[in-house]
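Dear colleague,

My findings follow directly after it.

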Amino acid sequence: MAAPSAATRRKLQRKFRLRGFTLKVDALEEAAAFLERFPEAEDDALDLLLDELDKEPLQSSILDRDAVRRVVALLVEAEEAVDAASPAVASARSALRVVDAFLVPRFHYDPIKKVFYEHTGRLPIHGEAGDKASLYRDRYQVLLQRLSRDKYFSKPAFDTVVTEDGSCEITSIQSLIGCTGRRWIMGVISQLEERQFYLEDLTGAVPIDLSNAKITSGFFVENTVIVAEGELLSNGIFQVNTCGFPPLEDREASLSLLMGLDFFGGGVIPTEETLRLSPLEKKAVNDMFVILSDVWLDNPETMEKLAIVLDGYDSVEVVPSLFVLMGNFCSRPCNLAFNSFEELRLQFGKLGEIIAARSRLKEHSRFLFVPGPDDAGPSKALPRCALPKYLIEELQKHIPNAIFVSNPCSSSSQTGAAGFLSAPIQSSNCLGCSTMQLQPCYSHHNRTHCIYTAREAQANYPTQSILHTSNVLKLLW
């Protein structure tokens, strides 16, 4: 066994010292040998080793080779047991997890204790009068607690002299009275008076002037939470110089502060599982998700081109692990005037036959169906429940493992996560848009389908109502 490098020695000694352990030379070599088994996940392996050592009934904080070797042997044995497991077990552990919007856990933030707690009990079908106000209040508090951790908006604890230009600390709207100079505020855009926009927070509201404001990219509509920089004028209007969305926070940073709470709904992945899945995820460079929207089953041209697309993916070396088919699934709205449900049911059956004819796709790929805004269902309000069982029975005879979920929904595979939403966001936002700056994106029939990742857009965690649309090239039927 090669001697560990100086950098590895320092890293081990520092990590063990932080946990209250002191390593003997032979123990350090044993720990270094364990890390060599995981060259792409050394930090996770080391954390796992330290966690297991904390559980051991040690006689002393000075560790020798035997103490470390005993724990290493247990971890290596567990890893080998996973590798030797049957393919069905291994596949089940790394299987795709899809979470329905109606099953996502609901959390509330307590601004006094500064902690999240999960809502217990059943939620009523119909909300009460105060629920709408509570929705915006909860959203604001969640964003404010996240913004308070940002290095640009938090005041240093030991900085006694902070210049006005160097401080971006958020000022409550109530505290603007009597203040002069540039201030940063965060609030919800509202229109309390006709043709006059306001910013509201939990303490009050102030009229705003956006005529000379520099605005970042995105839609800014009523009920959107924004951060604004400006000055309160003598007439009581807040002159906005710059405004934009609250800054995002890295997923890893959020998870480290949330103490294992499952905001995403797919379950908290333990350290051992992360350690096992990380190398697999890095090796799966050819794996992909295929996302198709507006799959009109009643349009012969659409079905012909869909068959061509499936033929192409069926012939590649590594077939996609997931196909996401998003509605609408009919060229006509499925409203009260729609009377062709029997035909639509048969068309879903034909789609099942098309998929089943591609044996590799049927065996190795999963198919996820997300209803569109005008598909059959009890309501057009979001979230929409999954497609009715009556329509999909024929398809399930051919594809038994097809997944039918709500709109929106979330999914996770290995250590990554993503969410899917089908809604006319672009058109609805343009109707009530106070001001907007757009980045180029691909859209079809004025509908924007948002695909956002938890790593980049904080999908595991409540954020502002605007989802940043990735540049996804859609297949024009």
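This is a predicted model: local features need pLDDT of at least 70, side-chain atom pairs count only at pLDDT 80 or more; totals for chains, interfaces and linings use all residues.

**Findings**

Arg-97 counts as partly exposed because its relative accessibility is 24%, where buried means under 20% relative accessible area, exposed means over 50%, and partly exposed lies in between (1.4 Å probe, protein chains only). This residue belongs to strand β3, residues 97-100.

Residues are numbered from 1 along each chain as its sequence is written, and side-chain values use heavy atoms, with hydrogens and water left out.

**The chain as a whole**

There are 14 helices and 20 strands in the chain; these are DSSP runs numbered from the N terminus, helices being H or I with at least four residues and strands E with at least two. Of the 477 residues in the chain, 40% are buried. Among contacts (heavy atoms within 4.5 Å) with a separation of 6 or more, 71% are accounted for by residues 24 or more positions apart. The chain has an accessible surface of about 26000 Å², and 53% of that belongs to carbon and sulfur atoms, the areas coming from the Shrake-Rupley method with a 1.4 Å probe, with only the protein chains shown counting as cover for residues.

**Two helix pairs**

Helix α9 (residues 300-314) and helix α10 (residues 341-356) have axes that come within 10 Å and cross at roughly 25°. Axes are lines fitted to C-alpha atoms, for helices over the stretch in contact, and angles run from 0 to 180 degrees between N-to-C directions. The two helices are therefore roughly parallel to each other, since angles under 35 degrees count as roughly parallel, over 145 as roughly antiparallel, 65 to 115 as roughly perpendicular and the rest as oblique. Met-303, Leu-306, Ala-307 and Leu-310 of α9 meet Leu-351, Ile-354 and Ile-355 of α10. By class, this contact has seven nonpolar, no polar and no charged residues; Ala, Val, Leu, Ile, Met, Phe, Trp, Tyr, Cys and Pro count as nonpolar, Asp, Glu, Lys and Arg as charged, and the others, Gly among them, as polar.

The axes of helix α1 (residues 6-18) and helix α3 (residues 42-55) come within 11 Å and cross at roughly 40°, which makes α1 oblique to α3.

Yours sincerely
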